[in-house]
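User: I am new to this structure and would like to know the grounds for some of the terms used about it. Please go through a few of them with me.

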Amino acid sequence: MCGIVGYVGKHAASSILVEGLKHLEYRGYDSSGIALAEGNGIEVIKKTGRVAVLAGLAQKHASKASMGISHTRWATHGGVTDENAHPHLSWDSKIALVHNGVIENYKALRTFLEGEGATFRSQTDSEVLANLIAYYYNLDETAQNGNRLVCAVRQSLIHVEGTYGIAVICADLPNEIVGARKGSPLCIGVGHGENLIASDVAAFVGRTQNVVYLDDGQIVHLSREDFSITTIAEETVSPVINQIDWKIEEAELGSYKHFMEKEIFEQPQALENAMRGRFSDDESTAKFGGLNLDAREWRQVDRIVFCGCGTAWHACLVAEYLIERFSRIPVEVEYASEFRYRNAPLDKNALFFVVSQSGETIDTLEALREAQRKGFRVLGITNGVGSTIARESDGGVYQHSGPEIGVASTKAFTSQLLISGMLGLYLGRMRDLSFGDGREMVKAFKSLPGLISQILDQADQIKAIAERYAEFQDFLFLGRQSMFPIALEGALKLKEISYIHAEGYPAAEMKHGPIALISEQCPSVVLSPHGDTLKKVMSNIEETRARKGRVIAITSAGKDFPDSAADDIIRIPTAHSCIMPILSTIPLQLLAYYIACKRGCDVDKPRNLAKSVTVE
Ligand code: AGP
């Protein structure tokens, strides 16, 4: 959470920084600010509210400064106030800093600095770091100017406990930015006659496609013409310049009203991208380039553990159903946030998968590190090319979903489900899944873009249903087997963007408690696909309706599910069970989206949330 952008070059920094922040607003949107290196010192403009508010202020200020740093905040320490917004200036106004992360020992550092005469304007942990850097900068008056700031940052970070991605400027050095990271993402945009630093490539992909990803413990020193990387331990790092594989237009709204809407409608293409080049020539199995395990090593795997958070955790639950069903390998699912602390007993031949759209979620990253620390191989499923999880895992699968900006994850989730199903196929074909069954699955996966488009064609009908239900305050989402995680995901989508209380349950569990909630005031969304459990789910619907609970059913059962069986029915295509979780998800995303719109909610920036959760 929190987004950082820094620019040093020949152009006016202010508008470049504001533009960059607009692309990072998904990381936090409590307040934002910029610090500009003016000839006579550092000018800070910061304000609570969205980046649009800052944009207005920055335009009025009309600065010509060609270097600056900026920040969009998701509050951790200190409320949402102008004073707590970043950048923070040191007490002597020499140093300005933007920070993403948490300085855990900030109280002790603050007490020390107050003893040294520093004063504070905010309640944040970040201001402490600005003052600490100023303290070391002022101590080291004999060093060369450029190195002096790097030295001061290095000295300070030695004393810091916690996580950080920072960008720092100094009033004495109008052509230099120093950045550093530990636990919070940071990358460098390498331009011609200009360089940028940011939490995410989205901030600068409109200016350069060249990116260098920083690793934990690294410090970067940027000027207009050059940049160099060292470690906190003073080793020199040879930078690797990567190419960003998407263009800025992909991160723009186009004709859509919200990113969430755009991303829901992009799913046929996103899934096409996730499948491209990933089926064998005889079309009976999947293939993946980056798993870094040969067939013999796979045969030795006798358990797979999946870890993730939020929507990615729901994808892990679906992976459990699909991989167990098609490959018969036992799968366990862990909340990444719990795994690290619960010291779970693990099978010697277990293999780990971490699943993360951003590739930067701190809990998932720490779960990865914990598993590696214990000697396990960890593979990543992520959409974040070059993300920390992608770089630290031992192999993995890129989703290729394209940038996902809406805070509510949609296309990334269905891509994760697709990859999980394809893994089930791949592992199944190494075991007992027949050639014929494999071919049927490949056919089913390939039919997805077309089938999803058919569901999206019903958007108006789903919108009409959504609008009839937009006033309710409570919802239940019910489903069995692989539809249970889809019910959880449907409930999460609804609550995060419309603030309606919603719970997901295995449909048959309803009678063991949640049925007490059923009333005219609490409708249920019931996932009712064709197949073995249809009759049982239909009985659950009867039980609900007998208690005056309204039911929206999502079904692929055709004639077996008559129009009279629910209050509202969304019909989806009948298909192979390996893709039914994906098809069933689409109407739930549309329902949540249209309900939130009807309630006038800020769909892409729901209250209290940020897209990328980089603090524990
Ligand atoms: C999804 O709608 C949520 N906003 C959230 O649960 C998200 O899935 C979770 O924070 C994990 O993010 P990641 O996939 O980037 O790791």
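Predicted model: local features only at pLDDT ≥ 70, side-chain atom pairs only at ≥ 80, totals over all residues.

User: Why is helix 16 called roughly parallel to helix 18?

Analyst: The axes of helix 16 (residues 483-498) and helix 18 (residues 580-598) cross at roughly 20 degrees and come within 9 Å. Angles under 35 degrees count as roughly parallel, so helix 16 is roughly parallel to helix 18. The crossing of helix 16 past helix 18 is right-handed.

User: Which residues make the contact between helix 16 and helix 18?

Analyst: Helix 16 contributes M483, I486, G490, K493, L494, I497 and S498. From helix 18 come M580, P581, S584, T585, L588, A592, Y593, I595 and A596. Of the residues in this contact, eleven are nonpolar, four polar and one charged.

User: What makes V211 count as buried?

Analyst: V211 has a relative accessibility of 0%. The cut-off for buried is under 20%, so V211 counts as buried. V211 is part of strand 11 (residues 210-213).

User: With which residues is V211 in contact, leaving aside neighbours within four places in sequence?

Analyst: They are C187, I188, V201, F204, V240, I241, N242 and I244.

User: What domains does the assignment give?

Analyst: It gives domain 1 (75-250), domain 2 (253-455) and domain 3 (458-603). Between the C-alpha centres of domain 1 and domain 3 the distance is 47 Å.

Technical notes: Residues numbered from 1 in each chain as written. Heavy atoms only, no water. Axes fitted to C-alpha atoms, helices over the stretch in contact; angles between N-to-C directions. Helix = DSSP H or I, 4+ residues; strand = E, 2+ residues; numbered from the N terminus. Parallel < 35°, antiparallel > 145°, perpendicular 65-115°, else oblique. Left-handed = near helix turned anticlockwise from the far one by under 90°. Contact = heavy atoms within 4.5 Å. Nonpolar A, V, L, I, M, F, W, Y, C, P; charged D, E, K, R; others polar. Domains from an automatic or database assignment. Buried < 20%, exposed > 50% of the residue type's maximum accessible area, 1.4 Å probe, protein only.
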